[in-house]
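Reader: I am new to this structure and would like to go through a few of its details. Please show it to me before we start.

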Amino acid sequence: MVAITDQRSQPQITNQVQAVITTTSEIIYPSSDGEPLAETQQHVLAILMTLALLRLYLQDQQAEVFADQFLYYIEGNPRARVAPDVMVVFDIEKRLYANYKIWEGKQTPAIIFEVTSAGTKEVDWNFKKTLYEQLGVTEYWLFDPYGEWVAEKLQGFRLNEDDVYKPIHDSCSQVLQLRLQAEEYLIGFYRLDNGEKLLTPEELYSAAQEATQIAEAANQMAEVANQRAEVASKQALQEKARADRLAEKLRQLGVDLDDEI
């Protein structure tokens with residue numbers, strides 16, 4: 001999704017983004033521009049699913065995951081902003097944010113995802129890629145659900161030792177310790193430590209349903225086994241009672257079974 005102001009009004013990007021001196025009057029940093037979240041429902045789903053999966057994955061870490069919220073990068077200039085589709089910022093206070101200002105959080109986003117399309121290609125590939133590189137965003141990932149201009153649908157970039165973006169060829173995010181994979185119209189995430197997939201809500205529901213069915217089948221089998229055990233126990237008691245009756249009749253006839261043995 002593109003959620004930036006007219007690029008003609010954006011400050012020119014230089015090798016180091018220079019701070020603007022704040023005036024004494026209060027500066028307003030809006031949290032919304034009234035634009036839709038994304039172009040299509042599938043783009044929306046890709047953004048929201050990435051947000052949900054990463055929030056759950058990072059819930060025990062000192063990290064916040066943002067989706068379609070303004071990232072302000074020059075203090076005193078509210079027009080210097082972008083709205084990454086999904087971004088992760090580490091080592092900041094865990095709370096709800098209306099927007100994120102780099103100079104307040106004192107941390108640059110570590111990774112940013114843009115769910116791109118042919119219509120947003122120029123901004124995503126030129127303006128945003130250059131901006132994120134100069135801001136020091138460690139990894140930048142482009143996901144093209146329909147493969148309109150990214151042939152593999154998913155392409156990542158990582159800053160090298162010269163702080164220049166270079167393509168990621170192994171599909172692995174060092175920042176997140178996850179392997180990323182384009183799966184139809186969503187991004188699939190797999191842990192590097194054990195290979196497990198971060199399950200979507202639908203997959204979690206299916207897994208829960210399957211686990212429930214397995215548990216119910218096990219309970220039914222246990223119940224059948226208990227019923228068979230009860231039947232066997234009753235049969236054993238009946239056989240013992242029959243044997244006792246026969247032994248009593250034999251004794252009555254003067255046959256002592258103990259003597260016979």
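**A loop, a helix and a sheet**

Author: Gln59 lies in the loop between α1 and β1 (63-67). This is a predicted model, in which local features need pLDDT of at least 70, side-chain atom pairs count only at pLDDT 80 or more, and totals for chains, interfaces and linings use all residues. Residues are numbered from 1 along each chain as its sequence is written, and side-chain values use heavy atoms, with hydrogens and water left out.

Reader: Is Gln59 buried, partly exposed or exposed?

Author: Buried means under 20% relative accessible area, exposed over 50%, and partly exposed in between (1.4 Å probe, protein chains only). Gln59 has a relative accessible area of 47%, so this residue is partly exposed.

Reader: Which side chain makes a polar contact with that of Lys128?

Author: Lys128 lies in helix α3 (residues 121-135); helices (H or I, at least four residues) and strands (E, at least two) are DSSP runs, numbered from the N terminus. Lys128 is buried, with a relative accessible area of 0%. A polar contact is a pair of N or O atoms within 3.5 Å; within protein, one must be able to donate a hydrogen and the other to accept it, and residues adjacent in sequence count only if both atoms are side-chain atoms. At 3.1 Å, the partner side chain is that of Glu114.
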